[in-house]
Amino acid sequence: MLTKAPKGTMDILPENSYKWQYIEEEIRKICREFGVSEVRTPVFEHTELFQRGVGDTTDVVEKEMYTFNDKGDRSITLRPEGTAGAVRSFIEHGMFNNPQPTKLYYQISCYRYEKPQAGRYREFHQFGVEYFGTQSPSADAEMISLPWTLYKRLGLKKLTVNINSIGCPKCRKEYNEKLKAYLKPQYDQLCDTCKNRYERNPMRILDCKSSICKDIVKNAPLLIDSICQECSDHFEEVKKYLTVMDIPFQIDPYIVRGLDYYTKTVFEIVAQNENSNGTICGGGRYDGLVEELGGGSVPACGFALGMERLLLTMEEQGIEIPDSHKLDIYVGHIGENNSMFAQKLVADLRECGICAERDHLGRSVKAQMKYANKLGVKYSVILGDDEVASGKARLKNMYEGVETEIELSAQAIAGHIN
Ligand code: ATP
Ligand code: MG
């Protein structure tokens with residue numbers, strides 16, 4: 001037990017962490033390009049924030065939260081997602097007083113008590129973006145273009161962007177009645193979760209994964225067919241903006257968010273892999289959320305993507321991630337008396353921005369070189385008494401097997417390597 005990580009969690013080991021760093025760096029870069037700044041919020045928040053912000057009819061809040069009372073008897077929850085914390089922070093720090101829009105991103109760990117399986121963990125990681133303070137359909141489209149551009153840059157193929165409009169609370173009210181009337185004769189066949197949703201939040205039945213419910217809703221009236229003029233105009237504009245950015249999309253009338261504060265655009269990006277068909281990104285507009293959480297009436301939209309599923313998809317698609325963590329040079333030494341010199345040289349090399357390693361285990365020269373090979377370093381140099389005395393050594397290019405005589409200084413070696 002002591003030496004086993006809790007179920008549904010995992011360590012990200014050195015042989016994988018460089019992949020995470022690579023993607024995280026691409027994320028930081030793209031966010032700079034889009035003018036989006038990072039916000040870092042706590043791992044835990046008051047439970048009520050998620051009940052209201054995620055919605056207490058959602059699976060996340062109903063079944064999946066890590067909730068506990070702290071020693072001061074406050075109900076605390078480990079964040080199951082990032083939007084609620086970002087909105088809370090936006091309100092708490094009066095960011096609505098800044099020139100708008102406020103564009104925020106986060107790269108965070110999230111916690112959900114789910115049954116662990118491939119691509120589904122209890123601790124997982126999300127990258128998400130939120131735009132506050134703009135109603136413009138250009139913002140919705142830009143929001144979709146950001147993860148799309150990221151995926152393209154990472155080399156992902158076979159992606160589909162699915163979009164839908166779920167209207168506003170006004171158009172939904174009427175629709176919910178239509179939907180309930182349609183479902184009524186088949187109510188008894190709905191799964192237990194959907195029976196519960198029937199009164200509280202009927203739209204979510206469209207999103208149910210059980211095959212019986214899926215069958216039942218096949219011929220249900222669609223919200224997209226009954227949205228109001230304003231919502232419909234907005235949707236048309238979003239489509240135009242996507243088209244102008246060359247982002248291919250499909251309309252999927254079954255994408256719902258099903259909570260009152262979600263409005264208008266919703267979208268998913270799906271990867272069609274050989275072995276799995278996975279939603280790797282989801283988001284939409286939520287013009288009512290800031291107000292729901294106690295802020296003013298501030299329109300907003302956002303998305304979140306799961307890092308683990310992104311990595312799995314990249315792996316399935318055979319995308320190689322460059323390992324930029326290989327060392328440049330191994331500085332070997334012969335005999336204990338040259339160890340100090342080796343240490344001074346690696347220290348000077350590192351000051352020159354060269355990634356350098358030496359022996360810390362008193363290995364023989366042969367064993368040091370074997371180790372250097374294992375590390376995959378491109379260059380090596382061996383310091384014996386002669387080299388240290390003469391200030392000259394042979395720099396070996398390990399990939400090509402070529403040796404060059406060089407002056408034994410960090411600057412000279414750095415000049416040669418760069
Ligand atoms: P699913 O339908 O697969 O349960 P979801 O609707 O719960 O997904 P969101 O709440 O929209 O997912 O979260 C956004 C993204 O976070 C998902 O697209 C997915 O990539 C990732 N994600 C969600 N739950 C998990 C989990 N338990 N483990 C790993 N990644 C997850
Ligand atoms: Mg889920």
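Analyst: Start with one atom pair. An oxygen atom of ligand 1 lies 3.3 Å from a polar backbone atom of Gly-306. Keep in mind that this is a predicted model.

A polar side-chain atom of Arg-120 is 2.8 Å from an oxygen atom of the ligand. For Gln-126, a polar side-chain atom sits 3.2 Å from an oxygen atom of ligand 1.

How much of the ligand does the protein cover? On its own, ligand 1 has 590 Å² of accessible area, and the protein covers 81% of it.

Which elements give two or more residues to the shell? They are strand S6 (123-132) and strand S11 (300-306).

Ligand 1 is surrounded by Arg-112, Glu-114, Gly-119, Arg-120, Tyr-121 and Phe-124, together with Gln-126, Lys-209, Thr-279, Ala-304, Gly-306 and Arg-309. By class, this shell holds 5 charged, 4 polar and 3 nonpolar residues.

Next, a look at open space in the model. Three elements each supply at least two lining residues: helix H6 (169-183), helix H9 (229-244) and strand S9 (263-272). The lining of this pocket divides into 7 charged, 6 nonpolar and 4 polar residues.

Finally, consider two asparagines. Where is Asn-201? Asn-201 lies in the loop between helix H7 (192-200) and helix H8 (211-217). Is Asn-201 buried or exposed? Asn-201 counts as buried because its relative accessibility is 8%, and buried means under 20%. Asn-201 and Glu-177 are 24 residues apart along the chain, and their C-alpha atoms are separated by 11 Å.

Asn-397 belongs to strand S15 (residues 392-397). Asn-397 has a relative accessible area of 8%, so Asn-397 is buried. The side chain of Asn-397 reaches the backbone nitrogen of Glu-400 at 3.1 Å.

Back to the ligand for a last word. Arg-120 and Gln-126 contribute side-chain atoms to the pairs described above, while Gly-306 contributes a backbone atom.

Key: Residues are numbered from 1 along each chain as its sequence is written. Chains are lettered from A and ligands numbered from 1 in the order in which they are written. This is a predicted model: local features need pLDDT of at least 70, side-chain atom pairs count only at pLDDT 80 or more; totals for chains, interfaces and linings use all residues. Side-chain values use heavy atoms; hydrogens and water are left out. Helices (H or I, at least four residues) and strands (E, at least two) are DSSP runs, numbered from the N terminus. Ala, Val, Leu, Ile, Met, Phe, Trp, Tyr, Cys and Pro count as nonpolar, Asp, Glu, Lys and Arg as charged, and the others, Gly among them, as polar. A residue is near a molecule or strand if one of its heavy atoms lies within 4 Å of it. A polar contact is a pair of N or O atoms within 3.5 Å; within protein, one must be able to donate a hydrogen and the other to accept it, and residues adjacent in sequence count only if both atoms are side-chain atoms. Accessible areas come from the Shrake-Rupley method with a 1.4 Å probe; for residues, only the protein chains shown count as cover. Buried means under 20% relative accessible area, exposed over 50%, partly exposed in between (1.4 Å probe, protein chains only).
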